[in-house]
Amino acid sequence: MDDIAAFIRRLPKAELHLHLEGAITPATLVELSQRHDRQPLTLTEAGAVYRFTDFSGFLDAFKAVTSRLITPADYELAAWRMAQRLAEQGVVHAEVYISVGVIYLWRNHDPECFEPIFAGLEAARLRAERELGLSLYWIFDAVRHFTIEEAARVFRKAAAMLPQFPAIIGIGLGGDERRCGSEPFRDLYAEAKAAGLHLTNHAGETTPPEAIREALAIGSERIGHALSAIADPDLLNDLRDRRIPLELNPTSNVRTGVCPSWDDHPLRHYFDSGLLVTLNSDDPAFFGSDLESEYMLAHTRQGFTRDELRQLASNSLQASFLPESAKARWLAQIESAR
Ligand code: ADE
Ligand code: ZN
């Protein structure tokens, strides 16, 4: 491994925008299929599930992979494999989106279905903490282009479970922004905040900067993607002045076709403008990426120096929802990483 790759691995990093379902590799999908299908998928067949040519196709593929997660043990396996991959990359903390909206959809909204699945996730989280020294938080993600009632079900489940499960750190909205913005979720976001949940939101991934303004207007604390903010200098100033963390996902944006190439991604511009940017992998199994490779591409494609990579790692922990004491510990270690 060359010098810079080793440096990236040694840097303590947080991953703040990672979907559990998007981290399931074709090999794990085969394993899941062997558990459930009379004629299990071959690796080639599994690989075909991940094929897409545009953003809508990506969302369909994501749903198809998610439909293969059936039992609590499946969720535990997916979460454990994800945790192992994170630890191998020098990730020390991750805040992971769970598509709770899709879970309910596949199970006809059975109100009893979620708790056993969550027990599987928690088993993996506790094992990751014990065996890998990796901390995990969960963010319950609703699908914005389903109905408001579906999102309410997801967010209220997070609020109801939070007192017993403090690793449920927040809520978010994924799905197709072109079909639904943020305004319809204003009251639900206020309700989630009152329950003690943090508020994240995918915004400006496939939509103009107004979508990011709308996400901020309903109280979103962190913005996922924020790709289109580049087109609105006033918005950039606002994001900078308010220290709004941006969960950027460059390879994801290139692979879903919303950004022409890594070189064209606004990461460098945002960073140089003083925004609180973080690098993330979104759905690594779909995009052939992981967090280490995002850092490496920042170096090779946009000339991020060691000190700038260190700043990105530092941003990731600052923008996390960890307690201040834990942040301070990691930030000191990042400072001294060589
Ligand atoms: N769900 C999983 N990945 C997503 C993305 N990049 N955008 C919207 N919804 C998603
Ligand atoms: Zn995402």
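Donors are N, O and S atoms within 2.8 Å of the metal (3.2 Å for Na, K and Ca), and water is not among the atoms, so sites may look incomplete. The legends below describe a predicted model, in which local features need pLDDT of at least 70 and side-chain atom pairs count only at pLDDT 80 or more, while totals for chains, interfaces and linings use all residues. Residues are numbered from 1 along each chain as its sequence is written, chains are lettered from A and ligands numbered from 1 in the order in which they are written, and side-chain values use heavy atoms, with hydrogens and water left out.

**View 1. Protein donors of the zinc ion (ligand 2).**
Angles among the four donor atoms run from 87 to 170°, and the site is irregular. Four donors count as tetrahedral if all angles lie between 85 and 135 degrees; four count as square planar and six as octahedral if opposite donors are over 155 degrees apart and all others between 65 and 115; anything else is irregular. Along the sequence, the donor residues follow the spacing H-x1-H-x182-H-x79-D. His202 belongs to strand 5 (residues 198-203) and Asp282 to the loop between strand 8 (277-279) and helix 14 (284-287), so this pair ties together parts that are 80 residues apart in sequence. Helices (H or I, at least four residues) and strands (E, at least two) are DSSP runs, numbered from the N terminus. His202 is buried, at 4% relative accessible area, and Asp282 is buried at 2%. Buried means under 20% relative accessible area, exposed over 50%, and partly exposed in between (1.4 Å probe, protein chains only).

Nitrogen atoms of ligand 1 lie 3.4 Å from a polar side-chain atom of His19, 2.9 Å from a polar backbone atom of Gly175 and 2.7 Å from a polar side-chain atom of Glu205. On its own, ligand 1 has 260 Å² of accessible area, and the protein covers 98% of this. Accessible areas come from the Shrake-Rupley method with a 1.4 Å probe; for residues, only the protein chains shown count as cover.

**View 2. Strand 3 (residues 135-143) and strand 4 (residues 168-174).**
Strands 3 and 4 pair in the parallel sense over six bridges. Two strands pair if DSSP finds at least two bridges between them. Asp141 stands opposite Gly172 of strand 4, and Val143 opposite Gly174. The C-alpha atoms of Ile139 and Gly172 are 6.6 Å apart, although 33 residues separate the two along the chain. Seven of the seven residues of strand 4 are buried.

**View 3. Both faces of strand 3.**
Nine of the nine residues of strand 3 are buried, so the strand is largely enclosed by the rest of the structure. One side carries Ser135, Tyr137, Ile139, Asp141 and Val143, and the other Leu136, Trp138, Phe140 and Ala142. Ile139 has a relative accessible area of 0%. Strand 2 (residues 91-98) runs parallel to strand 3, joined by six bridges, and Tyr97 stands opposite Ile139.

Notes:
A polar contact is a pair of N or O atoms within 3.5 Å; within protein, one must be able to donate a hydrogen and the other to accept it, and residues adjacent in sequence count only if both atoms are side-chain atoms.
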